[in-house]
Amino acid sequence: MKIFNTINEFNLAKENLTNLTFVPTMGNLHAGHTSLIDFAKETGNIVISTIYVNKLQFNDINDFNNYPKTLNNDIKLLEDHGCDYLLIPDKSILENIASIKAPTKSQKLCGKNRPGHFDGVLTILKKLFDIIEPKIVVFGMKDYQQFIIVKDFINNNNLNINIIGLKTIRETSGLALSSRNNLLSTKNKNLASILYQTLKDIETNKVSICPDLLNLKIDYLNSCGFKVDYLTSCDEESLEECFDIHNKNLLLAVAASIGGVRLIDNIVLTKL
């Protein structure tokens, strides 16, 4: 695997790099990330990944400073899974960067309590798209809202990029893999699996899905030690609250903190 430690270094080699499948990351890689690399290899393109902890998407400086950094391990994982190139952008990525304002759907779900988060996501991704010029970009669906917002951005700006979303990779307990899981105590990691169990329980009772059912589940999660940001049922595309399970698939999404660690998860409820 060839590593580019600066954008300029990448640019010097860029003209020989075509038909790229891109997997953007913030490092601290796990099996969820490597599943994206594995899929990217199947596209038949050259696979490039990036590791960049995007300060623009953090509205809490402590969250940014505490984001785990495991570069040596990340490089080994990428190499083991056949990634061809790794770009580790230097500070020049922020030079003359054009700030992008995310659409109104960015203010729902995670955006409600993280103002500016998706502005930062789109701003850096657009810069990376301009630098790398990928044919395909691959995301995990754990952050479903991010996937929808990036997909809309690509389509609305007629970018010649095919975006692909892949299913969430989980631990045997059902807990969605996340870099943040490393910050959980053993006790809280065991409790964290309750989030997925709660989503699956609602799925079992989806014929009765309504605000009252979700409020009961929020109370239950709070009683288990979570601080629930949201638990909501919404339209898959608009992210508007919706309970019309008889006519459309619904996105069931949750964000909650335990022991000060914020976790997100979601499942799609298929229409009845």
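Threonine 198 is found in helix H8, residues 194-204 (helices are DSSP runs of H or I with at least four residues, strands are runs of E with at least two, and both are numbered from the N terminus). The model is predicted, so local features need pLDDT of at least 70 and side-chain atom pairs count only at pLDDT 80 or more, while totals for chains, interfaces and linings use all residues. Residues are numbered from 1 along each chain as its sequence is written, and side-chain values use heavy atoms, with hydrogens and water left out.

**Threonine 198**
- Threonine 198 counts as buried because its relative accessibility is 4% (buried means under 20% relative accessible area, exposed over 50%, and partly exposed in between, with a 1.4 Å probe and protein chains only).
- Not counting residues up to four places away in sequence, threonine 198 touches Lys217, Tyr220 and Leu221, where contact means heavy atoms within 4.5 Å.

**Strand S2**
- Leu20, Phe22 and Pro24 point one way from S2, whereas Thr21, Val23 and Thr25 point the other way, and all are buried.
- S2 and strand S3 (residues 46-51) run parallel and are joined by six bridges, pairing being assigned if DSSP finds at least two bridges between two strands.
- Two bridges join S2 to S5, also in parallel, and phenylalanine 22 has valine 137 as its bridge partner in S5.

**Nonpolar core**
- The largest nonpolar core has 43 residues, and Phe10, Ile48, Phe129, Ile132, Val137 and Val150 have the most contacts inside it (a core is a set of buried Ala, Val, Leu, Ile, Met, Phe, Trp, Tyr and Cys residues joined through side-chain atoms within 4.5 Å).
- H5 gives the most to this core, with nine residues.
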